[in-house]
Amino acid sequence: MPELPEVETVRRGLAPHLVGARIAKAQTKRADLRFPFPKRFAERLEGRRVEALRRRAKYLLAELDDGYIWVTHLGMTGRWSVIGAKRQPGDFYYAEPPNPAHTHVVLDMEAGRKGEATRLEFNDPRRFGYMDLIARDAFDSHPWFKGLGPEPLGNEFHAPYLAEAFAGKKANLKAALLDQRVVAGLGNIYVVEALHRAGIAPARAAGSVSKPRLEKLSVAIREVLEEAIAVGGSTLSDYASVDGAQGGFQQRFRVYDREGARCVTPKCGGAIKRAVHGGRSTFWCAKCQR
DNA sequence: CGATTAACCTGGAAGC
DNA sequence: TGCTTCCAGGTTAATC
């Protein structure tokens, strides 16, 4: 269930092992994930030094020293693990180790920032994840990236932007926020949670929402993402960070997966509803979301 | 244009 | 103990 906060958590966990380090050995265990790996993928990774690890929307971007960007999308169940990472019992629980039958990429790193040689494994039971190597100067025109909207935690995302993006739109708000061309990185959980915090019904036509409400919405989106990142994202079943730690934000869901429960908004207490739209569950409080 | 369905895959939970 | 059905973080194409 990697949405923006989960991908960001993985990025932060992976960075100390990747950035500044050279890939000593790369192995793929099959020819494809959701899509075929690029030609000679493993060979092209071997010997490369990772100069930076960034995130765009739900993609991880590793900038290599040969001018290529190595892209990973985690799909639904993709997981990067640092093998042998010390598990430090802290605020969060630990996930089951991934099933080795679904480990598809193995990287042996030379020394990273921490000075340790580590093994990194990509595991993905459903194989909705995907990877590619994109030349840096072709990145902006690449089909996965050229149409993406602004980062919701970036400076270009604010109420006036939403007003412009939604102008004349008859699609419902929830669908509009899931559209990566409008804003990049939100998924089902965080859209539903942000709409609840903003007090707006998911079925509202996007173009019909007032400016003050869009202000509330833009703030709610930022807040929910920042809170989620601070606790390592949300774990429904598969997701875990690179050291096996589960997220903590699932304990703070106000509507997601809470059908029939009472709304926690002060003085509300309405019943949380669930409906399916476009094949995905939507949760909201019929009393305080208008 | 917008809404819905299916497709890509596996595994876990629930129902009978 | 089976077996079947439904469901899940994402993305994209086809169809109505």
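Ala, Val, Leu, Ile, Met, Phe, Trp, Tyr, Cys and Pro count as nonpolar, Asp, Glu, Lys and Arg as charged, and the others, Gly among them, as polar. By that scheme, the surface near DNA strand B has four nonpolar, five polar and four charged residues. This is a predicted model.

**DNA strand B**
- DNA strand B is surrounded by 13 residues.
- The closest are Arg 126, Lys 170, Ala 171, Gly 278 and Gly 279.

**The four-stranded sheet**
- Four strands form an open sheet in the order S2-S3-S4-S8, and the pairing is antiparallel.
- Strand S2 (50-56) and strand S8 (130-135) are the edges. Each has a single partner strand, so one side of each lacks a neighbour in the sheet.
- From one strand to the next, the twist averages 20°.
- Six bridges join S2 to strand S3 (residues 59-64) in the antiparallel sense.
- Arg 55 lies opposite Leu 60 in S3.
- Helix H1 (residues 4-18) packs on the sheet and touches S2 and S3. The direction of H1 makes about 175° with that of S2.

- Ala 57 sits in the loop between S2 and S3. Its phi is near 55°, a positive value in a residue other than glycine.
- Ala 57 counts as buried because it has 21 C-beta neighbours inside 10 Å, and the cut-off for buried is 20 or more.
- Asp 257 belongs to the loop between H6 and strand S9 (272-277). Its phi is also positive, at about 60°, although Asp 257 is not a glycine.
- Asp 257 is partly exposed, because 15 other C-beta atoms lie within 10 Å.

**Ala 159 in helix H3**
- Ala 159 is in helix H3 (residues 159-166).
- With 17 other C-beta atoms within 10 Å, Ala 159 is partly exposed.
- Beyond its neighbours within four places in sequence, Ala 159 contacts Lys 211, Leu 214, Glu 215 and Ser 218.
- Ser 210 is 51 residues from Ala 159 in sequence, and their C-alpha atoms are 10.0 Å apart.

**Glu 226 in helix H6**
- Glu 226 is in helix H6 (residues 211-230).
- Glu 226 is exposed because it has 12 other C-beta atoms within 10 Å, and a residue with 12 or fewer counts as exposed.
- Arg 34 is 192 residues from Glu 226 along the chain. The C-alpha atoms of Glu 226 and Arg 34 are separated by 30 Å.

Definitions and conventions: Residues are numbered from 1 along each chain as its sequence is written. Chains are lettered from A and ligands numbered from 1 in the order in which they are written. This is a predicted model: local features need pLDDT of at least 70, side-chain atom pairs count only at pLDDT 80 or more; totals for chains, interfaces and linings use all residues. Helices (H or I, at least four residues) and strands (E, at least two) are DSSP runs, numbered from the N terminus. Two residues are in contact if their C-beta atoms, placed from the backbone, lie within 7 Å. A residue is near a molecule or strand if its C-beta atom, placed from the backbone, lies within 6 Å of it. Two strands pair if DSSP finds at least two bridges between them. Axes are lines fitted to C-alpha atoms, for helices over the stretch in contact, and angles run from 0 to 180 degrees between N-to-C directions.
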